[in-house]
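Visitor: I am new to this structure. Could you walk me through it, and show me the reasoning behind the words you use?
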Amino acid sequence: MTNILFICGKARKRSPTAAAVAAERLGQPTDFAGLSADADERVGPEQLAWADTIAVMEKAQLSRLKRQLGPSLKGKRLVCLDIPDNFEFMQPELVELVTARLGRILC
């Protein structure tokens, strides 16, 4: 089993949706977090240690993750899903987009 951590900015819409969709569709353990100081669930060392694969929503978040937590990412598979921040939690269009991008995680 692969532990998958989904990261977005504030962990309110995209990453919790992606974690729920991936858990259901892939049957893998998932979690979610945000990079912003005011994130509902801020990414921490325990989550990074737990994760085998880390999926961010945007390229800018991938760069920020590497800058802020680079040493903690050693040995982790990093994936960018390219999902913009213009959806609500579990919005059908977001669920559809996440589902379509899950293949990036499986490669």
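Guide: Gladly! Contact here means heavy atoms within 4.5 Å. Keep in mind that this is a predicted model.

Visitor: With that in mind, what is Ala22 in contact with, leaving aside its neighbours within four places in sequence?

Guide: Ala22, which lies in helix H1, is in contact with Phe6, Gly27, Gln28, Thr30 and Leu102. Ala22 and Leu102 are 80 residues apart in sequence, yet 7.2 Å apart in space, C-alpha to C-alpha.

Visitor: Why is Ala22 called buried?

Guide: Buried means under 20% relative accessible area. Ala22 has a relative accessible area of 0%, so Ala22 is buried.

Visitor: Which residues have the most contacts inside the largest nonpolar core?

Guide: They are Phe6, Met57, Leu81, Ile83, Val98 and Ile105, in a core of 19 residues. Strand S1, helix H1 and helix H4 each give two or more residues to this core, and H4 gives the most, with six. Another core, of 13 residues, lies apart from it, with Ile7, Ala33, Ile54 and Leu73 among them.

Visitor: What puts the buried residues of H3 on the same side?

Guide: The buried residues of helix H3 are Gln61, Leu62 and Leu65. They cover an arc of only 105 degrees around the axis, and therefore sit on the same side of H3. Lys59, Ala60 and Arg67 are exposed on the other side. What covers the buried residues includes S1, H1, strand S3 and strand S4.

Visitor: What makes Arg14 and Glu58 a salt bridge?

Guide: The rule asks for a side-chain nitrogen of Lys or Arg within 4 Å of a carboxyl oxygen of Asp or Glu. For Arg14 and Glu58 the N to O distance is 2.7 Å, and their side chains meet in a salt bridge. Arg14 lies in helix H1 and Glu58 in the loop between S3 and H3, so the pair ties together parts 44 residues apart in sequence. By this rule the count comes to seven salt bridges.

Visitor: How do you know whether Arg14 is buried or exposed?

Guide: The cut-off for buried is under 20%. Arg14 is at 3% relative accessibility, so Arg14 counts as buried.

Terms used
Residues numbered from 1 in each chain as written. Predicted model: local features only at pLDDT ≥ 70, side-chain atom pairs only at ≥ 80, totals over all residues. Heavy atoms only, no water. Core = buried A, V, L, I, M, F, W, Y, C linked by side-chain atoms within 4.5 Å. Buried < 20%, exposed > 50% of the residue type's maximum accessible area, 1.4 Å probe, protein only. Helix = DSSP H or I, 4+ residues; strand = E, 2+ residues; numbered from the N terminus. Arc of directions from axis to C-beta.
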